[in-house]
Amino acid sequence: MTDAQPLVIGIDGGATKTIAVLADARTGAELGRGEGGPSNIQAVGVTSALHELNAAVVGAFKAAGVSRRPVAAATLGLAGVDRAEGADVILGWADLVQLAHKVSVANDATLLFAAGTPDGWGLAVIAGTGSIAFALDAQGRDARAGGWGYLLGDEGSAFRTGLLGLRAACRAADGIGEPTALLPVLLKELGSSDPREFIPAVYRGKWDKAAIAALAPLVLAAAASGDATARGIFEQETRELAQTAAGAVRAGGLPTAGVPVALTGGLVVQNAAYRERFLSELRACGVTPGPVGVVDAPVTGAVVLARKLVG
(Lines give C-alpha, C1' and ligand atoms only; values in the text may rest on other atoms or scores of the structure.)
Protein backbone atom coordinates (compact mmCIF):
# COMPACT_ATOMS: atom_id res chain seq x y z
CA MET A 1 0.00 0.00 0.00
CA THR A 2 1.26 3.51 -0.85
CA ASP A 3 0.32 6.95 0.43
CA ALA A 4 -1.14 7.65 -3.00
CA GLN A 5 -3.62 4.77 -2.83
CA PRO A 6 -7.16 6.20 -2.55
CA LEU A 7 -8.95 4.92 0.54
CA VAL A 8 -12.46 5.04 1.97
CA ILE A 9 -13.87 4.30 5.42
CA GLY A 10 -17.23 2.75 6.18
CA ILE A 11 -18.51 2.91 9.76
CA ASP A 12 -21.45 1.13 11.34
CA GLY A 13 -22.21 2.27 14.88
CA GLY A 14 -24.98 1.08 17.17
CA ALA A 15 -26.03 0.54 20.75
CA THR A 16 -23.62 -2.33 21.32
CA LYS A 17 -20.55 -1.77 19.18
CA THR A 18 -18.96 0.26 16.39
CA ILE A 19 -17.17 -1.21 13.38
CA ALA A 20 -14.95 0.73 10.98
CA VAL A 21 -13.65 -0.74 7.73
CA LEU A 22 -10.82 0.82 5.75
CA ALA A 23 -11.09 -0.14 2.09
CA ASP A 24 -9.56 0.46 -1.31
CA ALA A 25 -11.62 3.19 -2.96
CA ARG A 26 -11.17 1.64 -6.41
CA THR A 27 -12.06 -1.98 -5.69
CA GLY A 28 -13.84 -1.90 -2.33
CA ALA A 29 -11.42 -4.52 -0.99
CA GLU A 30 -11.21 -4.47 2.79
CA LEU A 31 -7.77 -3.47 4.06
CA GLY A 32 -8.35 -3.23 7.79
CA ARG A 33 -11.13 -3.45 10.36
CA GLY A 34 -11.37 -1.80 13.78
CA GLU A 35 -13.93 -2.06 16.55
CA GLY A 36 -15.12 0.20 19.34
CA GLY A 37 -17.91 0.23 21.88
CA PRO A 38 -21.40 1.75 21.47
CA SER A 39 -21.57 5.03 19.56
CA ASN A 40 -25.26 5.93 19.83
CA ILE A 41 -25.01 9.51 21.09
CA GLN A 42 -28.55 9.36 22.50
CA ALA A 43 -27.69 6.32 24.61
CA VAL A 44 -24.10 6.88 25.74
CA GLY A 45 -23.60 10.63 25.28
CA VAL A 46 -21.53 12.60 22.81
CA THR A 47 -18.14 12.27 24.51
CA SER A 48 -18.30 8.49 24.84
CA ALA A 49 -19.73 8.02 21.34
CA LEU A 50 -16.98 10.07 19.70
CA HIS A 51 -14.33 8.22 21.70
CA GLU A 52 -15.60 4.86 20.42
CA LEU A 53 -15.84 6.12 16.84
CA ASN A 54 -12.25 7.25 17.02
CA ALA A 55 -11.15 3.95 18.54
CA ALA A 56 -12.75 2.04 15.68
CA VAL A 57 -11.05 4.24 13.07
CA VAL A 58 -7.67 3.91 14.79
CA GLY A 59 -8.13 0.14 14.88
CA ALA A 60 -8.94 -0.02 11.16
CA PHE A 61 -5.76 1.85 10.20
CA LYS A 62 -3.69 -0.25 12.59
CA ALA A 63 -5.11 -3.48 11.17
CA ALA A 64 -4.29 -2.26 7.66
CA GLY A 65 -0.73 -1.44 8.71
CA VAL A 66 -0.83 2.17 7.52
CA SER A 67 -0.51 5.54 9.22
CA ARG A 68 -3.76 7.37 9.78
CA ARG A 69 -4.53 10.04 7.22
CA PRO A 70 -7.61 11.71 5.71
CA VAL A 71 -9.26 9.32 3.27
CA ALA A 72 -11.11 10.17 0.09
CA ALA A 73 -14.56 9.56 1.56
CA ALA A 74 -16.28 8.21 4.66
CA THR A 75 -19.84 7.04 5.25
CA LEU A 76 -21.07 6.68 8.81
CA GLY A 77 -24.28 4.81 9.52
CA LEU A 78 -25.01 5.49 13.19
CA ALA A 79 -27.88 4.79 15.54
CA GLY A 80 -29.15 7.94 17.23
CA VAL A 81 -28.45 10.52 14.51
CA ASP A 82 -31.94 10.87 13.06
CA ARG A 83 -32.19 14.49 14.13
CA ALA A 84 -30.10 17.18 12.42
CA GLU A 85 -28.19 18.14 15.56
CA GLY A 86 -27.01 14.56 15.98
CA ALA A 87 -25.56 14.46 12.48
CA ASP A 88 -24.01 17.89 12.99
CA VAL A 89 -22.13 16.64 16.05
CA ILE A 90 -20.67 13.74 14.06
CA LEU A 91 -19.79 15.96 11.09
CA GLY A 92 -18.04 18.37 13.45
CA TRP A 93 -15.98 15.53 14.89
CA ALA A 94 -15.13 14.21 11.42
CA ASP A 95 -13.90 17.66 10.41
CA LEU A 96 -11.89 18.05 13.62
CA VAL A 97 -10.04 14.75 13.23
CA GLN A 98 -9.72 15.17 9.44
CA LEU A 99 -11.46 11.88 8.83
CA ALA A 100 -12.12 12.30 5.11
CA HIS A 101 -12.40 14.80 2.27
CA LYS A 102 -16.07 13.85 1.80
CA VAL A 103 -18.27 12.67 4.67
CA SER A 104 -21.82 11.34 4.81
CA VAL A 105 -23.70 10.68 8.06
CA ALA A 106 -27.05 8.94 8.40
CA ASN A 107 -28.93 6.47 10.59
CA ASP A 108 -27.41 2.99 10.62
CA ALA A 109 -30.50 1.52 8.96
CA THR A 110 -29.62 3.33 5.72
CA LEU A 111 -26.61 1.04 5.30
CA LEU A 112 -28.96 -1.86 4.79
CA PHE A 113 -30.34 -0.52 1.53
CA ALA A 114 -26.87 -0.59 -0.02
CA ALA A 115 -25.95 -3.94 1.50
CA GLY A 116 -29.21 -5.88 1.35
CA THR A 117 -31.53 -4.73 -1.44
CA PRO A 118 -31.08 -5.32 -5.19
CA ASP A 119 -31.43 -1.69 -6.27
CA GLY A 120 -30.73 0.30 -3.10
CA TRP A 121 -34.36 0.92 -2.08
CA GLY A 122 -37.08 -0.87 -0.13
CA LEU A 123 -37.69 -1.69 3.53
CA ALA A 124 -34.83 -1.95 6.03
CA VAL A 125 -35.45 -3.44 9.47
CA ILE A 126 -33.05 -3.64 12.40
CA ALA A 127 -33.87 -5.96 15.29
CA GLY A 128 -30.81 -5.91 17.48
CA THR A 129 -30.42 -4.36 20.92
CA GLY A 130 -32.98 -1.82 19.69
CA SER A 131 -35.32 -1.82 16.71
CA ILE A 132 -36.24 0.51 13.85
CA ALA A 133 -37.66 0.30 10.34
CA PHE A 134 -36.83 2.55 7.40
CA ALA A 135 -38.44 2.91 4.00
CA LEU A 136 -36.60 4.33 1.00
CA ASP A 137 -38.16 4.66 -2.43
CA ALA A 138 -36.42 4.60 -5.78
CA GLN A 139 -36.33 8.42 -5.88
CA GLY A 140 -34.50 8.65 -2.54
CA ARG A 141 -37.47 9.72 -0.38
CA ASP A 142 -37.36 8.14 3.05
CA ALA A 143 -39.58 7.47 6.03
CA ARG A 144 -39.25 5.60 9.29
CA ALA A 145 -41.12 3.96 12.12
CA GLY A 146 -39.90 2.84 15.52
CA GLY A 147 -36.48 3.76 16.85
CA TRP A 148 -37.97 5.37 19.96
CA GLY A 149 -35.41 3.79 22.28
CA TYR A 150 -35.74 1.26 25.06
CA LEU A 151 -37.96 3.39 27.32
CA LEU A 152 -40.44 4.53 24.67
CA GLY A 153 -40.46 1.65 22.22
CA ASP A 154 -38.00 -0.78 20.61
CA GLU A 155 -40.72 -3.36 20.09
CA GLY A 156 -39.35 -6.57 18.62
CA SER A 157 -35.82 -5.84 19.83
CA ALA A 158 -33.50 -8.06 21.82
CA PHE A 159 -33.72 -5.72 24.81
CA ARG A 160 -37.50 -5.78 24.80
CA THR A 161 -37.56 -9.57 24.43
CA GLY A 162 -35.09 -10.06 27.27
CA LEU A 163 -36.92 -7.57 29.50
CA LEU A 164 -40.29 -9.22 28.96
CA GLY A 165 -38.69 -12.56 29.79
CA LEU A 166 -37.36 -11.11 33.05
CA ARG A 167 -40.72 -9.60 33.92
CA ALA A 168 -42.46 -12.90 33.30
CA ALA A 169 -39.95 -14.67 35.54
CA CYS A 170 -40.58 -12.15 38.34
CA ARG A 171 -44.35 -12.60 38.09
CA ALA A 172 -43.92 -16.35 38.17
CA ALA A 173 -41.72 -16.05 41.25
CA ASP A 174 -44.54 -14.17 42.98
CA GLY A 175 -47.01 -16.90 42.04
CA ILE A 176 -49.04 -14.37 40.05
CA GLY A 177 -48.06 -15.14 36.48
CA GLU A 178 -48.17 -18.54 34.85
CA PRO A 179 -45.40 -20.95 35.80
CA THR A 180 -42.66 -20.65 33.21
CA ALA A 181 -39.32 -22.22 32.40
CA LEU A 182 -37.97 -18.69 32.11
CA LEU A 183 -37.62 -18.45 35.89
CA PRO A 184 -35.09 -21.29 36.34
CA VAL A 185 -33.41 -20.46 33.03
CA LEU A 186 -32.77 -16.84 33.98
CA LEU A 187 -31.80 -17.72 37.54
CA LYS A 188 -29.20 -20.11 36.13
CA GLU A 189 -27.91 -17.33 33.87
CA LEU A 190 -27.62 -15.08 36.93
CA GLY A 191 -25.91 -17.79 38.94
CA SER A 192 -28.44 -17.65 41.76
CA SER A 193 -31.35 -19.62 43.17
CA ASP A 194 -33.04 -16.52 44.64
CA PRO A 195 -35.35 -14.57 42.30
CA ARG A 196 -34.86 -11.48 44.47
CA GLU A 197 -31.31 -11.34 43.14
CA PHE A 198 -32.81 -10.07 39.87
CA ILE A 199 -33.31 -6.72 41.65
CA PRO A 200 -29.67 -5.79 42.34
CA ALA A 201 -28.60 -7.38 39.05
CA VAL A 202 -30.82 -4.97 37.11
CA TYR A 203 -30.88 -1.86 39.28
CA ARG A 204 -27.24 -1.86 40.33
CA GLY A 205 -25.98 -2.38 36.82
CA LYS A 206 -24.69 -5.96 36.60
CA TRP A 207 -27.36 -6.52 33.98
CA ASP A 208 -27.31 -3.31 31.97
CA LYS A 209 -29.18 -2.75 28.73
CA ALA A 210 -26.77 -4.83 26.66
CA ALA A 211 -26.86 -7.68 29.20
CA ILE A 212 -30.65 -7.72 29.25
CA ALA A 213 -30.66 -7.79 25.44
CA ALA A 214 -28.30 -10.77 25.62
CA LEU A 215 -31.05 -12.69 27.46
CA ALA A 216 -33.25 -12.68 24.34
CA PRO A 217 -31.80 -15.94 22.90
CA LEU A 218 -32.72 -17.69 26.17
CA VAL A 219 -36.31 -16.47 25.83
CA LEU A 220 -36.46 -17.63 22.22
CA ALA A 221 -34.96 -21.01 23.13
CA ALA A 222 -37.61 -21.47 25.81
CA ALA A 223 -40.28 -20.58 23.26
CA ALA A 224 -38.91 -23.17 20.83
CA SER A 225 -38.98 -25.76 23.64
CA GLY A 226 -42.70 -25.21 24.14
CA ASP A 227 -42.87 -22.83 27.10
CA ALA A 228 -46.21 -21.03 26.73
CA THR A 229 -45.09 -17.79 28.36
CA ALA A 230 -41.95 -17.54 26.26
CA ARG A 231 -43.96 -18.44 23.16
CA GLY A 232 -46.33 -15.58 23.92
CA ILE A 233 -43.40 -13.14 24.09
CA PHE A 234 -42.01 -14.51 20.82
CA GLU A 235 -45.34 -14.06 19.05
CA GLN A 236 -46.00 -10.61 20.52
CA GLU A 237 -42.59 -9.21 19.63
CA THR A 238 -42.51 -10.54 16.07
CA ARG A 239 -46.01 -9.13 15.55
CA GLU A 240 -45.10 -5.70 16.93
CA LEU A 241 -41.89 -5.58 14.89
CA ALA A 242 -43.96 -6.38 11.79
CA GLN A 243 -46.41 -3.62 12.66
CA THR A 244 -43.49 -1.20 12.92
CA ALA A 245 -42.14 -2.31 9.54
CA ALA A 246 -45.57 -2.02 7.91
CA GLY A 247 -45.87 1.47 9.36
CA ALA A 248 -42.64 2.47 7.66
CA VAL A 249 -43.87 1.06 4.35
CA ARG A 250 -47.09 3.07 4.60
CA ALA A 251 -45.28 6.25 5.67
CA GLY A 252 -42.86 5.94 2.78
CA GLY A 253 -45.50 5.17 0.17
CA LEU A 254 -43.75 1.96 -0.86
CA PRO A 255 -45.60 -0.75 -2.77
CA THR A 256 -47.13 -3.25 -0.38
CA ALA A 257 -46.55 -6.15 -2.76
CA GLY A 258 -43.06 -7.34 -3.62
CA VAL A 259 -41.19 -4.72 -1.60
CA PRO A 260 -37.46 -5.56 -1.22
CA VAL A 261 -36.57 -6.18 2.43
CA ALA A 262 -33.17 -5.98 4.14
CA LEU A 263 -32.83 -7.35 7.66
CA THR A 264 -30.10 -7.11 10.27
CA GLY A 265 -29.65 -7.45 14.02
CA GLY A 266 -29.10 -10.52 16.15
CA LEU A 267 -32.73 -11.57 16.43
CA VAL A 268 -33.39 -11.76 12.68
CA VAL A 269 -29.90 -12.79 11.56
CA GLN A 270 -29.16 -15.50 14.11
CA ASN A 271 -32.64 -16.89 14.73
CA ALA A 272 -34.37 -18.28 11.63
CA ALA A 273 -37.62 -18.91 13.52
CA TYR A 274 -37.81 -15.28 14.61
CA ARG A 275 -37.04 -14.09 11.10
CA GLU A 276 -39.64 -16.31 9.44
CA ARG A 277 -42.31 -15.44 12.01
CA PHE A 278 -41.61 -11.74 11.47
CA LEU A 279 -42.00 -12.11 7.69
CA SER A 280 -45.24 -14.04 8.23
CA GLU A 281 -46.56 -11.30 10.51
CA LEU A 282 -45.50 -8.70 7.94
CA ARG A 283 -47.71 -10.44 5.39
CA ALA A 284 -50.54 -10.41 7.92
CA CYS A 285 -50.07 -6.62 8.13
CA GLY A 286 -50.71 -6.38 4.37
CA VAL A 287 -47.09 -6.12 3.19
CA THR A 288 -45.81 -8.90 0.94
CA PRO A 289 -42.00 -9.08 0.95
CA GLY A 290 -40.14 -9.41 -2.32
CA PRO A 291 -36.46 -10.36 -2.21
CA VAL A 292 -35.23 -10.60 1.39
CA GLY A 293 -31.61 -9.84 2.16
CA VAL A 294 -30.20 -10.91 5.53
CA VAL A 295 -27.25 -8.65 6.27
CA ASP A 296 -24.80 -9.92 8.85
CA ALA A 297 -22.40 -6.99 8.40
CA PRO A 298 -24.13 -3.70 7.48
CA VAL A 299 -20.73 -1.99 7.41
CA THR A 300 -20.31 -3.42 3.90
CA GLY A 301 -23.08 -1.04 2.86
CA ALA A 302 -21.16 1.86 4.38
CA VAL A 303 -18.16 0.99 2.21
CA VAL A 304 -20.37 0.87 -0.88
CA LEU A 305 -21.81 4.30 -0.10
CA ALA A 306 -18.38 5.77 0.67
CA ARG A 307 -17.09 4.62 -2.70
CA LYS A 308 -20.05 6.33 -4.37
CA LEU A 309 -19.08 9.57 -2.65
CA VAL A 310 -15.68 9.38 -4.32
CA GLY A 311 -17.41 9.33 -7.70
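1. In this note, buried means under 20% relative accessible area, exposed means over 50%, and partly exposed lies in between (1.4 Å probe, protein chains only). Arg231 is partly exposed, with a relative accessible area of 33%.

2. The model is predicted: local features need pLDDT of at least 70, side-chain atom pairs count only at pLDDT 80 or more, and totals for chains, interfaces and linings use all residues. Residues are numbered from 1 along each chain as its sequence is written, and side-chain values use heavy atoms, with hydrogens and water left out.

3. The structure holds 8 salt bridges (a side-chain nitrogen of Lys or Arg within 4 Å of a carboxyl oxygen of Asp or Glu). One of them joins Glu237 to Arg160, with 3.6 Å between the closest N and O atoms. Glu237 lies in helix α10 (residues 228–252) and Arg160 in helix α5 (residues 158–173), so this pair ties together parts that are 77 residues apart in sequence. Helices here are DSSP runs of H or I with at least four residues, and strands are runs of E with at least two, numbered from the N terminus.

4. Glu237 is buried, at 0% relative accessibility, whereas Arg160 is partly exposed at 23%. Arg160 also forms a salt bridge with Glu240 (3.8 Å, N to O). This pair likewise links helix α5 with helix α10, its residues being 80 apart. Glu240 is partly exposed, with a relative accessible area of 22%.

5. Glu235 is partly exposed, at 26% relative accessibility. As for shared partners, salt bridges join Arg160, Glu237 and Glu240 into one network.

6. An open sheet of 5 strands has the order β3-β2-β1-β4-β5, with mixed pairing; two strands pair if DSSP finds at least two bridges between them. Strands β3 (30–36) and β5 (100–106) are the edges, each pairing on one side only. From one strand to the next, the twist averages 15°. Strand β4 (residues 71–78) runs parallel to β5 and is joined to β5 by 6 bridges. Thr75 stands opposite Ser104 in β5.

7. Helix α2 (residues 46–64) packs on the sheet, in contact (heavy atoms within 4.5 Å) with β1 (7–13), β2 (18–24), β3 and β4. The direction of helix α2 makes about 145° with that of β3; axes are lines fitted to C-alpha atoms, for helices over the stretch in contact, and angles run from 0 to 180 degrees between N-to-C directions. Helix α13 (residues 299–310) also packs on the sheet, touching β1, β2, β3, β4 and β5, and its direction makes about 140° with that of β1.
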